[in-house]
Amino acid sequence: MVSPAKTDERMSPESLAAACVSVLRGVGCPDTVSRTVADHLVMAELRGQASHGITRLPTYVARVKSGLICPEAVPRVVSESPSTVLLDAGSTFGHVAGKQAMELCVSRASATGVAAVGVRNSTHFGLAGVYALQATEQKAIGIVCSNAAARMPPAKTRTAVLGTNPLAIAVPTRSKYPILLDMATSAVALGRILEAQRLGASIPIGWALSHDGRPTVDPAEAAKGLLLPMAGPKGFGLAFALEVLAAVLTGASVGQNAGSMYQSWDRTEDLGHMFIAVSIEAFIPLETFLERLEDLSTQVARAQPLEPGERAYLPGELEFMKEEENRRLGIPMSDERWAPIAQLGEVMGLSLRRRAASVAVS
Ligand SMILES: NC(=O)c1ccc[n+]([C@@H]2O[C@H](COP(=O)([O-])OP(=O)(O)OC[C@H]3O[C@@H](n4cnc5c(N)ncnc54)[C@H](O)[C@@H]3O)[C@@H](O)[C@H]2O)c1
């Protein structure tokens, strides 16, 4: 999470999205693709997950220019059954493939009860939770996972075999926010380490190892090194299982063969994702489900805090609260964070000006 910004360091989500759209259109991305990617990056910023926000844009732009992300490609159906679809994303943006895959998945699940859509030949798709939430809009449970470039070693080794493979599970509720578990299977997502590097902060022991296997607190060393799984071998085991669903099963590149958006400049990423939608009504009446979930959530909310003034949060609650705050006040945007976007605009002959809570595109 980024540190709080002064009011004059905030931008409206609309103006930030407009700037991202301009940059993406500037490298030839179709309008709908530019809008989908921009909305995703802005959502990450709104939710306080800046590690998956605009900081990624310069690399996406470089990959489009190098022909390694193909924004014109339209995901195509490789195989299907009533409750399953396998898509080849054609190396378009993972955000575009992900959005389309979950739409398809939810629509199939409304007829079959449960549906799964696998995607191969895709690219980095950002926050897994954004797609899982699409299912909750249709009162279904959404489950999403992806593989990623190898960064995590199996326990007792110093060889990266798996990525920080994310898992998201979203559940509709009766209350203000859905439930959203959305997590990397590493102790923290790579983006958090890159963000610490950008801020000049150190990282705790237990997040990463240097490339030769030494524990490190230096994010620069960690960024070039190995990310440790969450909960040791259990986190690695979970990442392995997600790799099976997202990559082994879909035909995407597996383990060390998966490409990296930052390092693989001679090939596409060929990542795989899996999207699952579970229709609640296929199991129990929606109202019964929501009541039972409310009971469970109340038990969490009533848990006795360890310290006065503390309380328990449900999965995703902190990010939804941050999103509300940032929609109200604007997205924190320091000069330093804005500079790479302005620079991209300059190279393209766009003048993207950052003003308090707004940006002008000319
Ligand atoms: N595309 C990729 O390759 C990739 C890879 C890894 C991660 N990611 C994304 O990175 C993002 C960040 O992942 P992360 O593991 O750093 O997330 P995180 O550690 O910030 O949060 C993980 C989960 O824990 C919950 N949580 C955190 N603090 C809590 C608290 N105090 N009380 C209750 N719940 C709490 C959050 O709501 C969230 O559901 C995710 O959106 C993930 O999808 C993407």
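I looked up the ligand shell: it has 22 residues, and Gly-126, Asp-182, Ala-184, Gly-316 and Glu-319 come nearest (near: a heavy atom within 4 Å of the molecule). The model is predicted, with pLDDT of at least 70 needed for local features and 80 or more for side-chain atom pairs, while totals for chains, interfaces and linings use all residues. Residues are numbered from 1 along each chain as its sequence is written, and side-chain values use heavy atoms, without hydrogens and water.

I sorted the shell by type and found 13 nonpolar, six polar and three charged residues; Gly counts as polar here. I then checked where they sit. Strand E7 (179–183) gives the largest share, four residues, and helix H10 (317–329) supplies at least two. Helices (at least four residues) and strands (at least two) are DSSP runs, numbered from the N terminus.

Next I listed polar contacts (N or O pairs within 3.5 Å). Ligand oxygen atoms lie 2.8 Å from a polar backbone atom of Ala-184 and 2.8 Å from a backbone N or O atom of Gly-316. A ligand nitrogen is 3.5 Å from a side-chain N or O atom of His-52. The protein covers 78% of the 860 Å² of accessible area that the ligand has on its own (Shrake-Rupley, 1.4 Å probe).

Last, I counted aromatic pairs (ring centres within 6.5 Å; stacked under 30 degrees, edge-to-face over 60, the rest tilted) and got five. Tyr-177 and Phe-320 are stacked, because their centres are 5.2 Å apart and their planes at 5°. Tyr-177 is in the loop between E6 (167–171) and E7 and Phe-320 in H10, so the pair ties together parts 143 residues apart in sequence.

Conventions:
Polar contact = N/O pair within 3.5 Å; in protein donor to acceptor, adjacent residues only side chain to side chain. Phe/Tyr/Trp six-rings, centres within 6.5 Å; stacked < 30°, edge-to-face > 60°.
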